[in-house]
Each structure stands twice: as C-alpha cells, then as structure tokens.
2 protein chains.
Amino acid sequence: MEQRPSRPRIADVAREAGVSKTAVSFAFNSPERLAPETATRIREVADSLGYRPHPVARMLTQRQTMTLGVLTPQALAVIFSNPFFAVFSEGVAQVAEAHGYGLQFISPMHGSLALAIGRATVDGVVAIGLSADHPEVEQVRRAGLPMVLVDSDDLPEHGSVVVDDEAGARAAAEHLIRLGHRRVLVVAVERPASGPDDNTAGVSELRLRGYRSAFTAASLDRTAVSVVAGRTSIEGGAAAFQRAWASGIRPTAVLAMSDAMAIGAMRAARELGLRVPDALSVVGFDDLDLAAHVDPPLTTVHQPIRQKGSEAVRLLLAELDATGAHRPEHRRLATRLIVRGSTGPAPAGTEPTATNPIATEPPAAEARGT
Amino acid sequence: MEQRPSRPRIADVAREAGVSKTAVSFAFNSPERLAPETATRIREVADSLGYRPHPVARMLTQRQTMTLGVLTPQALAVIFSNPFFAVFSEGVAQVAEAHGYGLQFISPMHGSLALAIGRATVDGVVAIGLSADHPEVEQVRRAGLPMVLVDSDDLPEHGSVVVDDEAGARAAAEHLIRLGHRRVLVVAVERPASGPDDNTAGVSELRLRGYRSAFTAASLDRTAVSVVAGRTSIEGGAAAFQRAWASGIRPTAVLAMSDAMAIGAMRAARELGLRVPDALSVVGFDDLDLAAHVDPPLTTVHQPIRQKGSEAVRLLLAELDATGAHRPEHRRLATRLIVRGSTGPAPAGTEPTATNPIATEPPAAEARGT
DNA sequence: ACGGTTCGCTAAACCGGTTTAGTCGCGGCC
DNA sequence: GGCCGCGACTAAACCGGTTTAGCGAACCGT
C-alpha cells in the first residue's frame, strides 16, 4: 500500500521548521541573510526530510539550466559509434565540466531535429556538422540561444571553430606527389541518403579542393585524381575501395577523408593482394589514437579534434558571460601531416611518361584479372 | 542598442490572437477542445511570432522531463574515451530515442556525483558501474527516481541487467587449458585510485572467480594463475604486462579483463620479442568491433554491450509506465567465447608436469569468429 | 417555453522554487 | 522621546507554462 515516496517540497521544510518558504530558500542560496543559527536549523530540518531543491523549478526561476547542448544532425546511436565524435565530446565535456556545466546531446527526435531543439533545456549550443543553410539554425536563434558552430564558419553572427582542412589535405597530396604518386584515389565521405544532411559536404569540399590544388600546383593532370564516396567507417572505406577497384580504377595511393575509411581501404587492398605501402600508399584524415596502432601505422592528417570541442565550449561560455552585445569569435585551428608507415614511394613502372601526363590505361584490357 | 531577442511567451500569443492563455495551450496540446478555426488561427499567430512553449516550464507543470539519465561515477571525458561505454551508450540511445526520450549523462560535477544528481532533470536513471553500497543510490531513491542498475544486481528493489561474467571468464580459461596452457597471467582492472570507486571491483571479482574455477576444475594448481592490474586502456594493458614480466612472471597465456588491455598486452609482448600466439596466447573480454581488426584478430569473451544498454532502458521505461507498484525485473545476458587468432597451443617445453592428460588435446571445436 | 446538455472558451489555481518589496522590533543617535 | 537605520524575517509576485472549475450561449427534446 505504500505510494511512491513523493519528494518533499520547500513548503514542507518551511512548515516543519516553522519559517517561511523564503527563509528556506535563503538558507540554501544566501545564508548570510539569515541569523546563523536559523540557517543551520533550517538546513538540519531539510536534511532530515531529505529535501533537495527541485532542479526544474530552479531552472525556471533562475532562467538558466547550467547545461550546454551539443547539436548534431545525426542520430545518437550513430554519434556514439563514431570515434571522431567521441574524441570531440571528450574535449567538450572537459571544459563544460570544469565550469560546472552539464551536457545534453541534441539529436533528431523522431527524425526531427527541430523537435529536439524545442525540447532541449540548455543555456547554449555547440553545433557540429551543421551547415549554414540549415533551417534549424534559425530556430536556435529564435529560441534566444547562443550558439557556436564547429566545422562551419559562414555564419558571422555566430562564433565558430574550424580547422584548416584545405591546407591539411594539400599537405597530404603533396606528400604523395613527392613520393612519385601520379594516380590517386580520393575516398570521400558520402552524405547520408536520408535524414537531415550534415555538413560533411562543406568539409569534403574543402579537402577535395586541397587535394586538387596540390596536383594542379605540380602541373599534374586533374584526371590523376579519381573520387569515390562511402560511409565514414571502416566498412564504408573498404567497400568504397572495392567499388573503385571493380570499376577499373588502379591508383598507387589513396587519400581517405577519415582514418576509419583509410583503415577500411587498407584492409580491402590487402584482401586484393596489394601490400601497403609497397603497392599502395594510404593517407587518412583525423589522426585518431587508433591510427598509430594499426598495421602499418597510418600516415594521416592530424586535426585537433579534442581541441575543437574544448575551444568551442570556451567560445560559448564567453558568449554566455558577455553582458551586452558581444562580438562572436572565429577560430581556425591548424592541421598537420603525420607521416607514418602507410605511405611510401610509388611502385616502379607506374608513372605516366612526363610527356604524356594522361597515360590512360585501357580499363577493359586490364579487367583481365577478374 | 539591440537587446537579446527575448523569446515570446504564451501570454504574447494570447494577446496577439485575442484569446486566453488557456486557449493557446489548448491549441497546442488538445486542439479538439477548441473550434477548429480558432485552433488554426492561434497556431498561425504563434508561428508568426516564432513562439515555442518553454521546455522548462512544460517540465515543471507536467512533472516529467522526457529525458533519461545515464549515471556513471566517472568523469565525462573518461567516459567518452572508453569504447566500451560508447557501445553501451549506443544501445541506450537507440531505445531511448525510439521512445521519444532524450538522454542526459550524469557524472560527477566538481567531483561530486551527488551534486550532479541533484541537478539532473530526468524521469529515470540507468546506472552503470555503480556498486550497491554507493551512497548515491540512496539519493536517487529519495529523489523518487526509478533506476535500473547495469553490472550489479544486488539491489533487489531496483531493476538490473548483468551479463554472465563468471561463465564467460570460465570459458576463456578452459579454452586456454585445453590448449595446454599451465601458466597464465590475469590482467585485471585496477580501481581508480581516487574519486568515487566504480563497480569494476564486482565485475573483476566475478571474472577472476570464473578464471580460477576453470583451473580448479582441471585440477591445476592455483599458483598457475598470477594477477596483475592496470588501467583499462591499451596503454594500461601494455604497462601491466611489462610490469608482470619485469617481476619475473613468465606466462604462456594472458587473460585480460578488457579488449583494450589485451591489445596493450599483445603490443607489449611483441616489443619483448614474444610472438602472438606462438609464444604467448592472449584472450580479451568484451569483443569490441576493434577486436576482430587487430593483428592477430583477438580471441575474446563476447558480451552483448549494446544490448545491455538497450535492455536497461527497456526495463526503465517499463517501470516508468507502471502505474502502481511494479516488481523490478532482473536480466542476466549470456556471454560467449569467440576464438580468433590470438590464442594457440602452449609452446612446447613449458609445461610444469608431463603427466597431465589434457595437455596434448588439440584446439577444441569452438566457434571461429571472424 | 423551459430545463438540461453540449460547445467554446476563460479565470484562477497550480507546478516548486526565487526574488522583490516590505514589515516588525529594537538599539542608537541627537 | 522621536526618528532613523538595521537586522531578521515574511507575504506576495513571479518564472512560463498546464489544468481545473466554471460560465455564457447555443442547441435540443418535450
């Protein structure tokens, strides 16, 4: 017959202690406004009743939640299976936690990101993978929530943190060119078929531009670069490489847009009998912890993922602290190429002659092996 | 001089539409109580004003937050760097999301888990790695929050989800015994030095019992099993193995309590010149996706991590739906050994006794994992 | 024509706190 | 002795919604 133990309210404490609600509130929030012994007595009564101020009621009156939101257009389950995101969250969590803020992940609810935003009880938002043209951006603004964008800086009125994707990509391509590679395959991130599109398009575009500019600068033909896309996971990378191979593409090097895809491509290559880096060089992007541990250790473009998260939160907190109008800040973090064991000189005899940069191989004739 | 755009309130909509607050509320929550055209008009006005019901105010009146909490005694940053936790969260997120619930991670704030719980605005809690004797358990109960425990089932009044750690560990040890191993090193999880202790102690204890019972059942000396502890990470596993080796322990096999530690141990062994599995067999625990991708592929005890998360949420939701008294459910999920490439016959000449009949038995018929 | 429903809407109470604007009693000051 | 100021506390308004109780008009059957 026992009913769910209803938690004591402030009025219960007040009655029990023989004081007003106000006094109880003071005892917790500004004890100096009460006689010391009164404050002590109230707190003792509260303790004995097991009273804790109701967090929702507090949020309502104080007009702040002490919680920050991490906004992402992908489902939570997808998020957590993505190591990139895990590292990013680590950075976000660390700074938020240090400043006494909790974290809430805002992801599409019943397929609607707008709905999720409407439900979110946060003081500010870090948005990752959200392109500027997302309608949700407008919704966040109308909700009066400060926001910092990550991986997108084309909304000047919001703070932003980006990395130099283009420079990193260019460095990766230059590295391959110096090693003599003349036919590379770019393994790009495909945007998810359904659901709200994320901003991979923007980042992909920048990286592709970086890759290509290196080849152009080296006076190499644009056709030296072929592109295939896949999901950004080990399996996605493997599948993408297999698909490219099946369609007759025979690169001597792979430029993958994520470490996971690079690892997948390596695996697929190995299964096709291509030794890495002897027959095929592979470059990743991200420099996850994992990258140093695979065999061979992955050459990759390092981007400060953790720092992206922590910096975004710092910007956001600055905006929250700002009393009046506050000029949003824009940060661009550096990337750098980390050369490990998955890249090496292009295999001999694969270079197109200098006079004939196109040196197209007849795909049909070469399909002999299958 | 522009002030932060204050979001419109329900009263603004009411005034603008020439109706009462009640009518506006009805227009959103029970439109059938209004004349259709009135409801439509109110919604149009609301839209034009950009009105959204304030989520905190809603929570307060409806006495529910539509959010579930994931309670963990570790810092968020630690959590996210732990792949085990990522997979678990995936399971949690998937079910929560499907039922329209958001997720909030509750971890120590300024070192105090109690403080974090006090701030959490959730309808129920999934607690992982929380031992029964934690004082926080009592706090959650007093807050009137339903709770489901994961990896701990000694609180009968709360639902629970555990896996059969002991049986899985026993299977792993039996596998090694059949392969002829007689000197094994258990790489256990050390409990973090400071901060609130998590429940690894309970799980570790169970697994250790499983390991030992296999050796006892095979009439092997207890001294065949030595134990070393380390942090549950690749580095932690490597360090632990090195430490054991340095202190003169010379096992032919390692039973690690996590895949990460197993991988670390493999790396450390390789650096010591020990080939896996020829000179040293290694068994992990968890069966992360990663386990199949390392070289050699890791033999490990599979536990349904994702399912632990999803099942815990299902139990919790059932408790939330329950109108009256509800008997909490307790689930125990199975574990199973996945044999891959990191285990093999004990190297010749290492056996303490030649009389043991099991010694020559070939690798038994266990499922070969991919 | 009249009492009883039903419909469409509203006023006021409520959720559980915080905060503002006092009230009350007392000691000090001139 | 009257006024002021101050310390300790409280009543009431408020945060932004939802919900209950109820009101007036239209409708309905007899």
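A rotation of 180 degrees with a shift of 0.1 Å along its axis superposes chain A on chain B, with an RMSD of 0.1 Å. The two copies are thus related as by a two-fold rotation axis. The superposition is by least squares on the C-alpha atoms of residues with pLDDT of at least 70 in both copies. This is a predicted model, in which local features need pLDDT of at least 70 and side-chain atom pairs count only at pLDDT 80 or more, while totals for chains, interfaces and linings use all residues. Residues are numbered from 1 along each chain as its sequence is written, and chains are lettered from A and ligands numbered from 1 in the order in which they are written.

**Exercise 1.** Find which residue of chain A comes closest to the rotation axis.

Step 1. Q104(A) does, with its C-alpha at 2.8 Å.
Step 2. The same surface serves both copies, as 100% of the contact residues of chain A recur in chain B (contact: C-beta atoms, placed from the backbone, within 7 Å).

**Exercise 2.** Describe the surface near DNA strand D.

Step 1. A residue is near the strand if its C-beta atom, placed from the backbone, lies within 6 Å of it.
Step 2. Of the 26 residues around DNA strand D, those that come nearest are A23(A), I10(B), S25(B), H54(B) and T61(B).
Step 3. The residues of this surface divide into 11 nonpolar, 10 polar and 5 charged (Ala, Val, Leu, Ile, Met, Phe, Trp, Tyr, Cys and Pro are nonpolar; Asp, Glu, Lys and Arg charged; the others, Gly among them, polar).

Methods: Two residues are in contact if their C-beta atoms, placed from the backbone, lie within 7 Å.
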